[in-house]
Amino acid sequence: MFERPENTTIERSSVELTKQDFVSDQMVKWCPGCGAHAILSSVANVFPKIGYKKENFVMVSGIGCSSRFPYYVNTYGIHGIHGRAAAISSGVKIANPHLSVWVATGDGDSLAIGGNHFIHVIRRNIDLNIILFNNQIYGLTKGQYSPTTPMGMVTKTSPQGTIEHPFNIGELVMGAQGTFFARAVDTNPKLMTEIMFEAAKHDGTSLIEILQNCIIFADGAHQQVTAKDIKDDFQLVLKNGEPMIFGKNKDKGIRFFSNRLEVVQLGENGITENDLLIHDKYQQDPGVHLMLAKMAPPMFPVALGVIRSAMYPTYDDMVEEQIAYAKENNPVKTVDDLLNSGDTWVI
Amino acid sequence: MRIIFNKHYIMAKKSKPIVDLEDVVVKFVGDSGDGMQLVGTLFSETAALDGNDLATFPDFPAEIRAPHNTVAGVSGFQVHIGKKKILTTGDYCDVLVTMNPASLKSNLKWAKHGATLILDTDTFDPAAIEKAGYSSNPLEDRSLEKYHLVKAPITSLTREAGKDLGVDNKTAERSKNMFALGILYYLLNKPLDNTFRFFETKFKKKPDVIKLNKAVLQAGYNFADTVEAISSQYTIPKATMEKGKYRNIVGNTAVAWGFIAASERSGRPLFLGSYPITPATEILMELAKHKSLGVKVFQAEDEIAGICSAIGAAYTGSLAITTTSGPGLSLKSEAIGLAVMTELPMVIVDVQRGGPSTGLPTKSEQSDLLQALFGRNGECPVIIVAASSPANAFYMAFEAAKLALEHMTPTMLLSEGVIGFGSELFKIPKAADLPAIQPPIAKPNEPDYKPFRRDPETLVRKWALPGTEGLRHRVGGLEKENITGIVSTDPLNHQLMVNLRAEKVQKVQNFIPRQEIYGDPEGDLLVIGWGSTKGAIQYAVDEMRAAGKKVSHAHFHYIMPLPKNTPEVFAGFKKIIVCELNSGQFIYYLRMLFPQFKYSQYNKVQGLPFVVNELTAVFNQILEEE
């Protein structure tokens with residue numbers, strides 16, 4: 001089912017781990033019915049499968065409902081300050097690349113107050129796994145609009161509807177030269193676990209967007225994608241190397257036509273599987289990945305699964321390479337060498 | 001020391017008299033592109049190798065290349081050399097080397113009455129004179145009568161020297177700063193060979209450039225030897241210094257090296273998360289050079305990311321540093337609170353500049369002290385230490401790292417622009433002679449490990465590093481229950497934790513040196529200072545004592561907590577004056593802690609250091625008051 005990750009920097013567990021190894025003794029204080037519970041469960045499921053020593057996981061967060069996460073999973077962890085999880089986790093990973101570093105964050109935390117850190121961590125491609133809980137609302141402060149709230153939505157701070165254009169997270173990730181972008185809905189634990197595993201395997205910054213439901217302040221925000229009766233028609237679960245087919249009857253597909261994506265009906269107008277786009281998550285050029293990430297109802301299904309997973313050197317690897325090179329080639333090996341370098345004289 | 005030229009000595013070559021001087025202050029000023037920083041540095045090196053003690057300070061505009069020949073574009077470098085112990089970069093200069101009218105215009109106020117002005121007469125053309133803001137030619141209007149002028153056609157003579165080597169005028173002119181340096185070497189009787197060696201190393205692959213620079217330097221020297229305006233030579237005899245190996249060190253470099261030394265002595269890898277800001281950037285640049293010592297430098301996207309990355313690195317077990325200046329410290333405030341709350345060790349360096357806001361980026365001030373002490377939400381104590389000179393900055397950086405690591409608390413190191421950019425001689429220590437640093441790292445599977453269990457003596461918690469078996473735990477900004485580290489909103493627990501965090505910092509008193517007094521432990525006046533003002537205050541106190549006044553000096557390197565014996569030190573004096581380059585911040589703190597004493601204050605907020613004369617005048621006035 002799961003292949004082992006290739007990363008050799010992080011020490012593996014000598015014993016088989018289970019979900020129980022990662023369950024915290026703290027009471028989980030999210031609202032009953034919150035989508036975050038399913039995300040937590042997926043993380044606890046995937047960590048033992050990833051197979052690293054349990055002490056090698058570090059969970060970092062900022063502020064918000066999502067950011068209570070480190071208290072609810074038994075790993076090393078830092079509950080940081082608002083918006084700064086990307087920066088804190090960058091320090092963790094650069095300082096100790098032998099750790100598997102995870103970030104739990106939200107749309108307000110990462111895209112508003114932490115927007116600057118968000119784009120820069122992605123640009124640098126530091127080997128972090130960022131799970132972004134996108135519930136399109138500020139939950140912990142009780143219902144103000146966020147940078148992903150759809151335009152026009154009535155919230156506590158937009159009584160006449162928001163007048164802001166929301167971010168598409170995938171678009172932001174590609175714009176910042178992201179190397180890994182995946183998306184899942186909180187109602188599909190299996191897919192969440194799969195993409196988290198893929199994220200762990202990916203060397204570089206992995207951004208996982210979870211379309212999460214806030215049952216109190218934005219209930220049903222993702223209804224157009226997740227409602228039982230329509231979900232098959234509005235979810236395209238991407239599989240690498242396979243044609244993009246979706247729909248209740250597996251009879252719809254995505255093709256590239258006239259310089260853009262288009263939904264087509266298989267069997268109509270002579271369209272067959274051969275006309276459909278084949279998903280290539282490894283492609284370096286983010287053009288198609290961007291178009292896929294931007295697909296949205298009602299014209300399109302939402303793309304789920306791993307949309308992009310391109311190979312680029314990571315910041316943390318290059319730090320280690322530069323240090324190794326300097327240690328090899330620079331005559332200054334100790335503090336005494338340093339203090340006595342350059343012009344000195346004896347009195 | 002004033003150089004007085006005796007007009008009667010108009011002597012033939014080789015027979016000019018030589019006069020001994022205690023110390024000399026030289027200031028080089030010219031256009032931003034004139035190479036003043038380089039000649040200043042070369043002169044300092046020569047003086048150091050010749051056995052003088054010294055201190056230097058560059059003085060450059062915030063603009064990289066301001067318009068040519070304007071006052072805004074003047075770049076300077078001041079050097080104070082001496083036979084005596086050099087504690088400051090000098091208040092006013094004895095020799096002013098000026099490369100154009102604008103630099104004369106902007107710096108004449110720093111020349112002593114009777115100072116020697118070395119001028120490039122070729123640059124005093126009507127356009128440049130007007131651009132500098134003069135209404136008439138200062139070389140002709142008698143406005144410089146109280147100075148001794150060495151009028152040298154530096155540009156044309158440099159061209160001549162180039163011509164002999166077949167070098168075109170434009171190329172030759174780039175070396176005119178060396179002509180000026182040559183004049184100065186003759187005037188102060190300094191050898192040329194060290195500078196020759198510099199040319200040979202620097203331009204190894206360009207023999208023509210070596211030849212040109214040597215020729216121009218020699219031409220300047222010979223010009224001075226021949227010209228009648230220079231009637232005598234001066235010598236600054238060797239300083240008597242402690243035996244040992246020396247080097248010149250710039251304050252920002254010293255800070256970087258202090259941290260590298262602390263990393264080696266503690267066995268903790270060094271991590272710097274920082275964002276460029278004047279005047280602290282050189283620490284970032286210096287540390288970036290030392291990957292061979294395992295230093296990891298993360299140039300973050302902003303000040304906040306700088307400190308937050310350092311917090312992440314501290315959690316993993318690094319000696320974590322962030323460096324900044326006042327505006328950046330403001331941005332880091334919230335994150336310093338996180339470091340206090342998580343009780344993680346790190347050092348925040350603030351190289352202070354003129355504020356508020358962008359203020360005076362390239363000028364120095366001591367106005368962030370209250371921000372360092374109190375500029376955060378909640379009850380948020382950190383250890384604060386302050387450096388007093390470029391060489392001292394090495395030891396204070398080391399000490400800041402030691403205190404942070406051993407007491408598991410963020411520590412702030414206050415430096416200042418004048419310390420960061422300034423340089424002085426540094427007796428090179430052996431790493432093995434520096435104190436050991438022993439952070440309280442928790443052992444794998446330590447029984448009963450709890451994140452906030454504390455050493456009863458120091459109240460320090462243990463440092464459990466990710467990757468270590470049996471120690472998984474969470475830290476964060478929410479208040480935690482003492483010992484267990486579980487999130488807690490219990491009122492009494494919060495009170496307890498607030499008290500514990502404060503007491504932990506206060507207990508550092510038991511690990512820092514007692515406050516020293518320069519001079520007698522009792523007397524009429526105690527002068528209190530902290531930071532860069534040490535040298536100026538000490539010179540002023542020396543003058544007072546030489547005049548028989550009962551004045552002593554207490555200079556504080558430890559600000560939070562203060563040394564235990566601080567009130568005892570104060571009690572020995574009839575009067576106390578606190579001198580600061582701010583409107584009175586340390587005195588505010590002292591009045592709060594020790595209200596039993598009566599304090600006077602002397603403050604200056606001009607982006608400039610104290611000069612000795614103003615201090616002695618104030619001290620005398622205080623002593624005379626009833």
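Predicted model: local features only at pLDDT ≥ 70, side-chain atom pairs only at ≥ 80, totals over all residues.
The strands of a sheet pair through backbone hydrogen bonds, in either a parallel or an antiparallel sense. β3(B) is joined by seven bridges to strand β4 of chain B (residues 74-82), and the two run antiparallel. Within this pairing, Phe57(B) stands opposite Gln78(B) of β4(B). β3(B) also pairs with strand β16 of chain B (residues 423-427), again in the antiparallel sense, over two bridges. Here Ala55(B) is the residue that stands opposite Glu424(B) in β16(B).

Chain B is divided into domain 1 (18-235), domain 2 (247-433) and domain 3 (523-624). Between the C-alpha centres of domain 2 and domain 3 of chain B the distance is 26 Å. Contact between these two domains involves 23 residues of domain 2 of chain B and 21 residues of domain 3 of chain B. On the domain 2 side, the elements that give two or more residues are α13 (369-374), β14 (383-386), β15 (410-416) and α15 (417-421) of chain B. The most is given by β14(B), with four residues. By class, this side of domain 2 of chain B has 14 nonpolar, six polar and three charged residues.

The secondary structure of chain A consists of eleven helices and 14 strands. With a radius of gyration of 22 Å, close to the 20 Å that the globule rule gives for 347 residues, chain A is as compact as a globular protein of that length. Its C-alpha trace spans about 90 × 45 × 45 Å along the principal axes of the chain. Of the 347 residues of chain A, 50% count as buried. Among contacts in chain A between residues at least 6 apart in sequence, 68% join residues that are at least 24 apart.

One part of chain A is an open sheet of three strands in the order β10-β11-β12, with antiparallel pairing. The edges are formed by β10 (245-246) and β12 (260-265) of chain A; each has a single partner strand, so one side of each is left without a neighbour in the sheet. β10(A) is joined by two bridges to strand β11 of chain A (residues 252-257), and these strands run antiparallel. In this pairing, Lys252(A) in β11(A) is the bridge partner of Phe246(A).

The two chains meet through contacts between 48 residues of chain A and 54 residues of chain B. On the chain A side, at least two residues each are supplied by β2 (76-79), α2 (85-95), α4 (115-124), α10 (315-329), α11 (335-339) and β14 (345-346) of chain A. Of these elements, α2(A) gives the most, with eight residues. The residues on this side of chain A divide into 22 nonpolar, 20 polar and six charged. Strand pairing also links the chains: two bridges join β14(A) to strand β9 of chain B (residues 245-250), and the two strands run antiparallel. Across this link, Tyr246(B) in β9(B) is the bridge partner of Trp345(A).

Technical notes. Residues numbered from 1 in each chain as written. Chains lettered and ligands numbered in written order. Rg over C-alpha atoms; globule rule 2.2 N^0.38 Å. Buried ≥ 20, exposed ≤ 12 C-beta atoms within 10 Å, placed from the backbone. Contact = placed C-beta atoms within 7 Å. Domains from an automatic or database assignment. Nonpolar A, V, L, I, M, F, W, Y, C, P; charged D, E, K, R; others polar. Pairing = 2+ DSSP bridges.
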